[in-house]
Amino acid sequence: QLELRKMEHEFQDKQKQVRSIRTEQQMLKKNMTDIAQEIQSFTGRPVNQKSHNCRNEDLDWSSEDFPWSKKLKQTALEVFKIEHFHPIQLQAINATMSKRDVLLIMSTGGGKSLCFQLPAILSKGITVVVTPLVSLMEDQVLNLQQFGVEAHMLKADTSLDKVIDVYDSLKSPNPRVKLLYVTPEKISKSKQFMAHLDKCYKSGNLARIAIDEVHCVSQWGNDFRPDYKTLGVLKRLYPETPIIGLTATSTHKITADTIHLLNLKNSLVFRSPLIRKNLFYEVRAKPPTHKDVVQDMADTIKENFNGQSGIIYCISCRNCTDVSNSLARCGIKTGVYHARCSAKKKTEIHQQWLNNEIQVICATVAFGMGINKPVRFVIHHSISKSVENYFQEAGRAGRDGQPALCLIYFGFWDIFRQTSMVFKERTGIANLSKVVQYCHDLKSCRSGMLAAHFGEVLEQCRCSNLCDVCSGLQSMSSFTGSSKIFTQHDITEACKTILRMIKSNSRDGVRLTGIQLVGAAIQDAKSRKHKDTTLTRQHWQRIVLYMLLKGFLREDFHLTSRSTIVYLTYGKNVR
Ligand SMILES: Nc1ncnc2c1ncn2[C@@H]1O[C@H](COP(=O)(O)OP(=O)(O)OP(=O)(O)O)[C@@H](O)[C@H]1O
């Protein structure tokens with residue numbers, strides 16, 4: 001045993017030495033690249049560097065032995081007042097500082113921005129940050145400037161003086177600008193900007209390119225932006241400049257697609273656990289009337305979140321106003337935020353919410369990116385159009401690490417409303433069906449389902465009481481006090497009734513919507529004094545959904561001049 005211990009010690013010692021040699025080797029490589037770039041900036045000609053095959057895949061990216069490690073810690077503290085790095089932050093920072101291409105997948109609020117902001121401050125030259133939203137860009141630039149960092153942005157209404165100032169920096173051998181925020185359109189459409197970026201690269205001053213919300217590059221995601229696709233050109237034009245892509249929501253399929261489209265062949269992928277242990281996921285059957293839904297929301301908020309802030313996501317602008325007005329009548333201070341609000345109104349509401357003058361924002365998905373405020377609950381008045389959307393919206397809760405509730409009201413009618421809105425999108429129905437599956441399931445752990453969707457496996461199959469399913473099966477849910485005990489029922493006859501309703505009505509040339517189909521089935525069961533008369537309307541709705549999810553039913557769309565009607569008909573699995 002003594003011998004074994006001794007060898008173990010020796011082994012660890014050697015491993016330490018190997019790590020240290022690898023780090024040194026990596027540094028030498030970096031210094032050679034820096035010198036080559038300097039030569040290039042003098043001569044204007046690229047230097048042919050031999051490829052040195054040091055296997056830095058094996059490097060310990062969380063090591064604090066890199067040449068910049070000391071300065072990194074110091075700058076994090078001095079500039080951002082950050083004492084410790086979150087998991088994966090240090091790995092991602094070390095990898096991008098070593099000039100590796102990086103894809104960072106980290107949950108909302110995980111601290112992705114720091115992973116390019118800190119390296120930008122520590123590196124020579126300019127870091128270009130591509131962001132999909134101007135509001136996001138404005139927030140970050142303002143924040144950085146408050147920390148005393150030279151951060152700037154180029155957007156459609158940037159003054160000519162400012163543009164010239166930024167272009168001068170891009171041309172300068174010693175640029176003043178450290179971070180330059182641009183939209184993807186700038187890269188795909190502005191020849192002038194690209195000409196200046198070329199100069200910046202040739203003088204060895206294009207330190208890094210950060211692409212925020214990088215999943216927008218893939219058509220498999222639901223946030224696809226055509227201009228993001230053109231970002232693939234960056235690696236071809238600037239092969240020596242490291243790229244770091246950042247996202248909170250990326251399935252394995254989207255990740256692979258992103259790497260391919262951005263030409264990041266040898267990139268390192270860092271993925272932090274997406275499921276946050278402070279979020280409690282719950283799905284609640286939506287009460288049938290608007291009044292009852294709002295009363296249920298008001299009770300939940302008053303009982304659990306006295307004086308604490310939250311967001312309620314609604315399906316439409318009108319819906320936001322209705323919910324907000326009704327909640328106000330229940331004594332809750334609310335405001336609305338949606339696409340039809342003027343920019344002034346949006347800023348005003350956001351500010352009132354930040355100042356705790358209003359407790360709840362009733363918003364469409366237009367609200368949310370870059371929120372920096374403790375949010376104790378995110379309630380979905382209707383289901384989201386995809387799991388990715390839901391995960392991102394719900395993830396705005398509890399970014400401070402404290403417990404928070406993510407609640408969906410799951411209503412039968414809402415599903416067809418969403419279906420009629422997304423059916424023209426390429427993956428619209430498939431994406432929505434995954435959300436319906438998530439809400440319809442009474443047995444599977446919600447965190448587990450979300451984790452599995454993003455290709456992650458939870459250490460335990462149950463989430464230690466962090467969702468209504470796991471806690472409801474054993475005890476009372478901590479947030480809602482509701483116990484979700486359910487019974488099993490043989491629904492063979494009920495399914496046959498549903499199919500018979502479709503058949504008999506179609507013989508008379510009548511098509512049925514989901515709601516009509518449920519009504520017809522209830523009537524039929526009653527008239528035939530069938531044992532299924534014990535089934536409630538909600539049971540019948542669940543049966544219809546089950547049949548939809550299992551392919552026994554499918555939607556049939558009928559476009560009128562004013563709307564799209566969603567009928568239900570036989571699915572592919574009906575023989
Ligand atoms: N290591 C850290 N310690 C403490 N606070 C941190 C740390 N890293 C980041 N933060 C803070 O966490 C907050 C969220 O960071 P950031 O906005 O970068 O998150 P994000 O991952 O980009 O989220 P989102 O996907 O919602 O944009 C910020 O206020 C940031 O200053």
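An oxygen atom of the ligand is 2.7 Å from an N or O atom in the side chain of S113, and an oxygen atom of the ligand likewise lies 2.8 Å from an N or O atom in the side chain of K112; a polar contact here is a pair of N or O atoms within 3.5 Å, and within protein one atom must be able to donate a hydrogen and the other to accept it, while residues adjacent in sequence count only if both atoms are side-chain atoms. A nitrogen atom of the ligand, in turn, is 2.9 Å from a polar side-chain atom of Q89. Altogether 14 residues surround the ligand, the closest being H84, G109, K112, S113 and R399, where a residue is counted if one of its heavy atoms lies within 4 Å of the molecule.

All of this belongs to a predicted model, in which local features need pLDDT of at least 70 and side-chain atom pairs count only at pLDDT 80 or more, whereas totals for chains, interfaces and linings use all residues. Residues are numbered from 1 along each chain as its sequence is written, and side-chain values use heavy atoms, with hydrogens and water left out.

The chain is divided into domain 1 (68-271), domain 2 (279-458) and domain 3 (491-570), with bounds that come from an automatic or database domain assignment. The centres of domain 1 and domain 3, taken over C-alpha atoms, are separated by 51 Å.

An open sheet of seven strands runs in the order β3-β4-β2-β5-β6-β1-β7, with parallel pairing; strands (E, at least two residues) and helices (H or I, at least four) are DSSP runs numbered from the N terminus, and two strands pair if DSSP finds at least two bridges between them. At its edges stand β3 (151-154) and β7 (268-271), each of which pairs on one side only. From one strand to the next, the twist averages 20 degrees. Within this sheet, four bridges join β1 (residues 102-105) to β6 (residues 243-247), and I105 stands opposite T247 in β6. Helix α5 (residues 134-146) packs on the sheet and touches β3, β4 (179-182) and β5 (206-212), its direction making about 155 degrees with that of β3; contact means heavy atoms within 4.5 Å, and angles run from 0 to 180 degrees between the N-to-C directions of axes fitted to C-alpha atoms, for helices over the stretch in contact.

Another open sheet has three strands in the order β14-β16-β15, with antiparallel pairing. Since β14 (512-513) and β15 (553-559) are at the edges with a single partner strand each, one side of each is left without a neighbour in the sheet. β15 and β16 form a hairpin with four residues between them, and seven bridges join β15 to β16 (residues 564-570); the bridge partners in β16 are T569 for R554 and Y567 for D556. Helix α22 (residues 537-549) lies across β15 and β16, at about 90 degrees to β15.

As to confidence, pLDDT is the predictor's own estimate for each residue, from 0 to 100; the chain has a mean of 87, and 90% of its residues reach 70 or more. Among the elements of the chain, strand β12 (residues 377-380) has the highest mean pLDDT (98) and helix α19 (residues 468-474) the lowest (71). Over residues 473-482 pLDDT stays under 50, and where pLDDT is low, the predicted coordinates should not be read in detail.
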